[in-house]
Amino acid sequence: MAGLQEHFKVDYKSVLPLTNNIIRGNKFRITILSELLIRLEYSETGLFEDRPTELVQSRNFPEVKFERKEDSTFVTIETSYFQLTYRKEAPFAGPRMTPDQNLRINLKNTDKFWYFNHPEVRNFGGTSYSLDGADGNARYNKGLYSTDGFVSIDDSNSLIFNEDGSLGKRSDTRIDTYVFMYRRDFGACLRDYFKLTGYPSLIPRYALGVWWNKTVEYNAKDLEKLVYQFTKYRIPVSIIMLGNNWHRQNPRMKSGLSFDERLFKRPKRITDFLHSKNIRFAVKVNPLEGISPKEDYFLPYKAATRQTEEGILPFNVFNPNIVEAYLDYLIHPLMNYGVDFFWIDYNNPNDLASLRALTHYHFNDFKQIQNRRGITFARNGLLAAHRYPIQYTGETIVSWKNLQMLPQYNSTASNLGLSWISNDIGGFKLGTEDGELYSRFVQFGCFSPILRLSSDDGKYYKREPWKWDITTQSVTAQYMRLRHSLIPYIYSEAYRYTKTGLPLVQPLYYRYPEIYDEPLYKNEYHFGSQLFVAPITTKGDPIMDRTVVKLFLPEGTWYDFTNGKRYTGGRRYTTFYKREDYPVFAKAGTIIPMAILDEKDLNNTTPPKDMEIQVFPGASSSYELYEDDGLSSLFEKGFFIVTGIDYTYQKNNFTVTIRPLAGKSGIIPKFRSYRIRFRNTKEPDEIIIHVGDEKVKGEVTYNDENDFIVELPAISTLKQITVNLKGKNIEIDGLRLVNDDFDSILNDLPIKTETKNVIGEILFSDKSIQEKRIQVRKLRRLGINQKYITLFLKLLEYMAEV
């Protein structure tokens, strides 16, 4: 065996920095990579590292304009962001009392400065290796975002990529640190970080659908029945994952790499069946446990690796011959059977280097297959994990504490430049199954990077929506369908992340740092460029049958994504949500492209033939819908299409224009029907539609509650479409009034109608809150249960806040 194949090789020349950006002495080397990014190296031997590392893929930045002043003792370097002063040849770390004596970097236009071994206590953290066993007590690692305006990354101990693509250790000890001095320009920090470490990978489109993962010993018939149940209840699913029970069992190992013929006599048949239903298939592997003699191709694997041991063979992920044999004789046969990707289940926080190496080889192995885009599923290796999606957050507890923990935890992923975080939706193990908890988990999953239903083995873990009561079943099915409808939007945002580095999920504190420590609002986040989410993570009030949510909305005008209620931003609100509702908001002018699901092919995640475009009033805007085949790497060669969607907002005059902007034809359906939903809009006096230069008639128009709909039949996706609405007072104000919420709560209570009239007169009168409290307490005389009186008093407290 000759080692790793050609597609693993590394181009060393592309890694090297420009010589003009380097300042070097006998024991130090300083590289100014950009106006805000510096590389600091110190070596007693005078030897420095030019090869790529696990973290760093390129130091080939453009030439930087900087001022350099130097004498026999000091060198000073200055850009628009920082001023660095270094005592030449001295160790970077200064004395304890004056730690900046040898090296100091001032952040210009601030009073902040960095020195070697700076504690960086204002760092907001980033996601950790995993949340295994966590129940509300998340662990965090260092991230890139800090209110200090700077952060350092130590690359001194990272493994090195050899030219053949194998990984090795450095030959000596040296300091190798990167310092980002970005002030409040975190976007610039991310751009330089991705330039240094590699831009995020674009995940396959099917990964944005609903995943299924339950640690059950499924056989082929079980999987067919499972798919039938999803179809029966009209719930989409795009990926099915199998845990440790799919392979031949060895009593000394959990893992395996060959199908158990007792469960899958003809593996290709079941994968063909799943693919025919537009479902992808993944299995769990962990070769680091060793390679069992029970594997199908054990003998040729053993011969290729030249191992002489008997029984289970040790697996060394740093031996290129072993890695290549593993891929050729153990992984590729599974891919030939139809396995789409692999869940790497190496769970050892003390050996992250092995996890990172195995993930790297699995992901890059896809490079040899043009029609298969790379994807892996593994715990967070912590170094440039954005190159290897998807990151698995580990086995969490079934509990409200767990749900309360996840939104903030997922948001901190953006502090490491990560987007593709996958939680166990519903919780994985232990705890108590609860319909409301499961519903809120699924709703959160709908507006998370990945929606993966997951649990341990066990009859009473209910991740199947159809095993719940009708309310839970209805709500969870609704949001799983919504997730698949949102794929055109989420995939466009995924491409934006790949090209610009702006993460899919961004925490509120990027714009409002003071929110970081506020428990009421720290879980809120932006979901892509258009939506804002205030997740529900607490149990509802059983009396009012609502969950009380206190939320803060950023500046601007916002609309509830579900009911269109209008909110003024920059304010705090107390809101009330039924089980089927969820706090998701769209800013004025928001454009959301959505798929209209094909009821005969719900699992299909490819670019849809029928699409709904939702537009919210209040501002003009534009959006770029990105589409490609969703599977291959051909998009890197220009095989994609970008469709521009423009919304021109004027008083009583709304226009939507859809037009191809860039790319190639033949990528998406040749013809597409559109449902354009003008949110909070009455029927206009005039509707003008053009397809190309031709004015057309015969469209279907109608009102749907507070929205006006224009439906257009199949139209060429290469032509421009313009829809213009005109009329007097066609915009519905939709201002959210708290009294409407209270009236809705009162309306749903099981109280006599005549009594409700009395209560309504009290609650909605012009009297003071104190007077209303007195009258509410007197309701006992009408025989009203104390629990309702307590509820009305609580509502008055909320009313007083307003």
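**Strands, a buried arginine and a helix face**

Y649 stands opposite F654 in strand β35. The model is predicted: local features need pLDDT of at least 70, side-chain atom pairs count only at pLDDT 80 or more, and totals for chains, interfaces and linings use all residues. Residues are numbered from 1 along each chain as its sequence is written, and side-chain values use heavy atoms, with hydrogens and water left out.

Stay with β35, residues 653-663. Its antiparallel partner is β34, and 10 bridges link the two. Strands (E, at least two residues) and helices (H or I, at least four) are DSSP runs numbered from the N terminus; two strands pair if DSSP finds at least two bridges between them. β34 and β35 form a hairpin with two residues between them. In that turn, N652 has a positive phi of about 65°.

β34 also pairs with β33 (residues 621-627). The sense is again antiparallel, over seven bridges. Here Y626 has V642 of β34 as its bridge partner. β34 itself spans residues 641-650 and is mostly covered.

Now turn to R452, in strand β22 (residues 451-455). Is R452 buried or exposed? R452 is buried, with a relative accessible area of 0%. What does its side chain reach? A polar contact of 2.7 Å joins it to the side chain of S422, and the backbone oxygen of N423 lies at 3.2 Å. A polar contact is a pair of N or O atoms within 3.5 Å; within protein, one must be able to donate a hydrogen and the other to accept it, and residues adjacent in sequence count only if both atoms are side-chain atoms. Leaving out residues up to four places away in sequence, R452 touches several others (heavy atoms within 4.5 Å). Among them are W211, M241, F377, Y392 and D424.

The cysteines come next. C189 is buried at 0% relative accessible area. C446 is buried at 0% too. The disulfide count, for cysteine sulfur atoms within 2.5 Å, is zero.

Finish at helix α3, residues 267-276. P267, I270, T271 and L274 are its buried residues. An α-helix has 3.6 residues a turn, so residues three or four places apart point the same way. The buried residues of α3 pack against α2 (220-232), β16 (239-242), β17 (280-285) and α5 (320-337). After α3 comes N278, with a positive phi near 60°.

Technical notes:
Buried < 20%, exposed > 50% of the residue type's maximum accessible area, 1.4 Å probe, protein only.
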